[in-house]
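Student: Hi, could you go through a structure with me? I'd like to ask about its aromatic residues and then about its surface.

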Amino acid sequence: MSEKHHFTRTLCVNTLLIIFLILSSVSRTKSQARFMGWGATFINYTFNDKFGLYFDGQYRSANQLRQMNQLLLRPGINLYLSPSFTATAGYAIIPQQREAGRVTGYLPEHRIWEQLVFTHKVTHHHKPVASVSHRLRLEQRSIPLYHAEGNSLVKDGDRTAGRVRYFTRGVVSLSGRSDKGVFAALQNEIFFHTGDGGSFDQNRAYVAAGYRLSPQFDLEMGYMNQYLSASGNSTNNHIVQIASYIRL
């Protein structure tokens with residue numbers, strides 16, 4: 001199968017998955033909707049043909065953009081196995097707004113994570129017009145346990161949890177150039193808990209438009225539908241995201 005056909009099939013499969021998850025979530029009577037804003041930057045810094053640094057930082061608002069819900073800081077070390085395969089391991093700290101009774105505060109989650117990324121190009125008349133990436137990520141999470149004491153949250157300890165995530169993203173040049181110009185992006189990421197028999201956690205479907213200012217720098221803006229399932233209830237987060245991608 002050619003890369004172009006593989007790319008088309010991947011987009012079709014993920015589009016059908018997105019539609020199915022959105023429709024199934026809407027049909028649930030206990031579903032709720034929230035509106036949020038995310039700002040993100042993704043940075044890859046290459047030392048040589050074997051090693052590099054990875055970092056992404058994300059600001060995520062609470063419902064109706066009123067205040068911060070999460071601040072995600074996720075550094076890592078890249079190991080370049082080949083031009084198409086990159087392995088990364090890192091640590092993340094995520095201060096998050098939490099609530100007990102009527103008391104709210106910020107307590108961090110800590111994560112150790114590992115991932116493998118495969119990327120490939122789609123060409124037209126021997127020119128690259130699109131890129132596709134696939135990512136498998138494992139997470140070992142340390143989530144705080146807490147209670148309200150006066151007007152503050154007091155940490156009682158931590159519980160551990162595991163999660164596996166599969167992500168695919170296609171970026172299509174709309175200018176006919178891969179080094180500069182307008183592009184469209186379509187991506188989907190699905191999450192499963194590693195405990196509880198590998199139960200479904202959430203799905204993030206995303207579509208965006210952006211501009212590549214140079215081979216090292218992209219800016220984009222898009223819409224994400226985040227569907228979460230917990231204890232029989234579902235939530236649809238409608239998210240506007242602004243993101244930058246930096247490659248040094």
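Student: Which residue lies over the face of Phe183?
Tutor: Keeping in mind that this is a predicted model, the residue over the face of Phe183 is Arg212, at 6.0 Å from the ring centre.

Student: And what sits over the ring of Trp113?
Tutor: That is the charged end of Arg137, which is placed 5.0 Å from the centre of the Trp113 ring.

Student: OK, now rings with rings. How many aromatic pairs does the structure hold?
Tutor: There are 6 aromatic pairs in the structure. One of them is formed by Phe42 and Tyr245, and this pair is stacked, with 5.0 Å from centre to centre and 15° between the planes.

Student: Where in the chain do Phe42 and Tyr245 lie?
Tutor: Phe42 belongs to strand β1 and Tyr245 to strand β11, which covers residues 233-247, so the pair ties together parts that are 203 residues apart in sequence.

Student: Are those two buried or exposed?
Tutor: Phe42 counts as buried because its relative accessibility is 17%, which is under the 20% limit for that word. Tyr245 is buried as well, with a relative accessible area of 15%.

Student: What kind of pair do Tyr54 and Trp113 form?
Tutor: Tyr54 and Trp113 form an edge-to-face pair, with centres 5.8 Å apart and 70° between the planes. This pair links distant parts of the chain, since Tyr54 is in strand β2 and Trp113 in strand β5 (residues 103-124), 59 residues apart. Both Tyr54 and Trp113 are buried.

Student: Which residues do ring pairs link into a cluster?
Tutor: The cluster consists of Phe192, Phe200 and Tyr227, linked by ring pairs.

Student: Let's switch to Trp38. Where does it lie, and is it buried or exposed?
Tutor: Trp38 lies in strand β1, residues 32-46, and it is buried, with a relative accessible area of 6%. Leaving aside residues up to four places away in sequence, Trp38 touches several others, among them Gln58, Tyr59, Arg204, Met224 and Ile242. The C-alpha atoms of Trp38 and Gln58 are separated by 6.9 Å, although these residues are 20 apart along the chain.

Terms used: Residues numbered from 1 in each chain as written. Predicted model: local features only at pLDDT ≥ 70, side-chain atom pairs only at ≥ 80, totals over all residues. Heavy atoms only, no water. Helix = DSSP H or I, 4+ residues; strand = E, 2+ residues; numbered from the N terminus. Buried < 20%, exposed > 50% of the residue type's maximum accessible area, 1.4 Å probe, protein only. Contact = heavy atoms within 4.5 Å. Phe/Tyr/Trp six-rings, centres within 6.5 Å; stacked < 30°, edge-to-face > 60°. Lys NZ or Arg CZ within 6 Å of the ring centre and 35° of its normal.
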